[in-house]
Amino acid sequence: MPFTFSKVNAVFRAVRMSRQREIAAAHMAALEESNHILKSQAEQLEHQTNEAKELAHELALTNEELRAVISEARKAWAAADAANRSKAEFLAVMSHELRTPLNSIGGYVDLLEMELRGPLTDAQRADLARIKRSQAHLLGIINDILNFTRLEATEVKFEIIDVPVRALMGDLDAMVSSLARAKSLLYESESPSARLFTRTDPDKLRQIMINLLSNAVKFTPEGGRIRVYATTADGSVSIHVEDTGPGIPADKREAVFEPFVQLDRGLTRTNDGTGLGLAISRGLARGMGADVTLESEVGVGSTFTLTLPLAPARHTDSQQRRDAHLRTTPRTNPMV
């Protein structure tokens, strides 16, 4: 067959048409695959949309339940707050009603001891002394409960002023040294510099220190030692009450600051009290920007530390003696 250009062109056209058909078929296959993928994604999106609708419905129900729970919690909190205030008011009234006859008992004991009703025998004086000790003990318990109730109800007011630490410790010496002598304890008070001032409420500070020192006397066995001293550091002054008592285990050191907690429990307990002294002391301290902490070792003793803010005007003077003990010659009472 003779070769002609027309036949060649026909072959080329046939090849081009074949390729175009292949390309078109590939495009169709790709479109079908894309369409299948889109349908699958649409189904997944519809499924996810349904799940989202269900979750939104569940969330709406949960929010409604949460609002109901919050409403109930607010009602419960309001009821608890009202009950707490009622308790505080009740205890305040009852403490007043109880303190009045107790103070009268103390007054009549004083009159009898003055022998205004006639001379007393030694046995009668001993009985009156027992009555007076019991009256003072009950009065102290009632005052502790009232003070703790006021702390819980946040009704305590603080009058913050500059207080000289040396004068405070000097005022406490006479009372504590007599208690220590009665128990054959060595009491050491290391007086700080007269220029050392703290910014606090003097009455609350005195109450805290009396609680800490009374505890030290109460729990230190006869022949032991109590030491009081002050240090300064980083804009604060710390008053330390150190004793040689039995010490407190590490797992009980925070528990002693909880209300009504006494480590010496049971029918054989030898120390009286409500277990409120340290709770009141820490509450008062924190209420005026201070704190009470404890370091102790079983068999060695304990050190309670009251840390207070240093009076601003005294910062410059104290920084020159940072971390140094500010004291003069210790005052001690002899062993009895």
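Let's start at methionine 114, which is exposed, with a relative accessible area of 54%. Keep in mind as you look around that this is a predicted model. Methionine 114 sits in the loop between helix H1 (5–113) and helix H2 (122–152).

What joins glutamate 115 and arginine 125? Their side chains form a salt bridge, with 2.5 Å from N to O. This pair brings together distant parts of the chain: glutamate 115 lies in the loop between H1 and H2, while arginine 125 belongs to helix H2, ten residues apart. Glutamate 115 is partly exposed at 34% relative accessible area, and arginine 125 is also partly exposed, at 33%.

Now look within helix H1 for glutamate 64 and arginine 67. They form a salt bridge in which the closest N and O atoms are 2.8 Å apart. Because the two residues are three apart in the helix, about one helical turn separates them. Glutamate 64 is partly exposed, with 48% relative accessibility.

## A buried arginine

Is arginine 282 buried or exposed? With a relative accessible area of 9%, it is buried, because a value under 20% counts as buried. You can find arginine 282 in helix H5 (residues 277–287).

The side chain of arginine 282 forms a salt bridge with that of glutamate 254, at 2.9 Å from N to O. Here too, distant parts of the chain are linked: glutamate 254 is in the loop between S5 and H5, 28 residues apart from arginine 282 in helix H5. Leaving aside residues up to four places away in sequence, arginine 282 touches Glu254, Phe257, Asp291, Val292 and Thr293.

## Two rings that meet

One of those contacts, Phe257, leads us to the aromatic rings. The structure holds one aromatic pair. It consists of phenylalanine 257 and phenylalanine 304, whose ring centres are 6.2 Å apart and whose planes stand at 75°, so the pair is edge-to-face. Phenylalanine 257 lies in the loop between strand S5 (236–243) and H5, and phenylalanine 304 in strand S7 (residues 301–309), 47 residues apart, so the pair links distant parts of the chain. Both phenylalanine 257 and phenylalanine 304 are buried.

## The wider count

How many salt bridges are there? The count comes to 15.

Definitions and conventions:
Residues numbered from 1 in each chain as written. Predicted model: local features only at pLDDT ≥ 70, side-chain atom pairs only at ≥ 80, totals over all residues. Heavy atoms only, no water. Helix = DSSP H or I, 4+ residues; strand = E, 2+ residues; numbered from the N terminus. Buried < 20%, exposed > 50% of the residue type's maximum accessible area, 1.4 Å probe, protein only. Contact = heavy atoms within 4.5 Å. Phe/Tyr/Trp six-rings, centres within 6.5 Å; stacked < 30°, edge-to-face > 60°. Salt bridge = Lys/Arg side-chain N within 4 Å of Asp/Glu carboxyl O.
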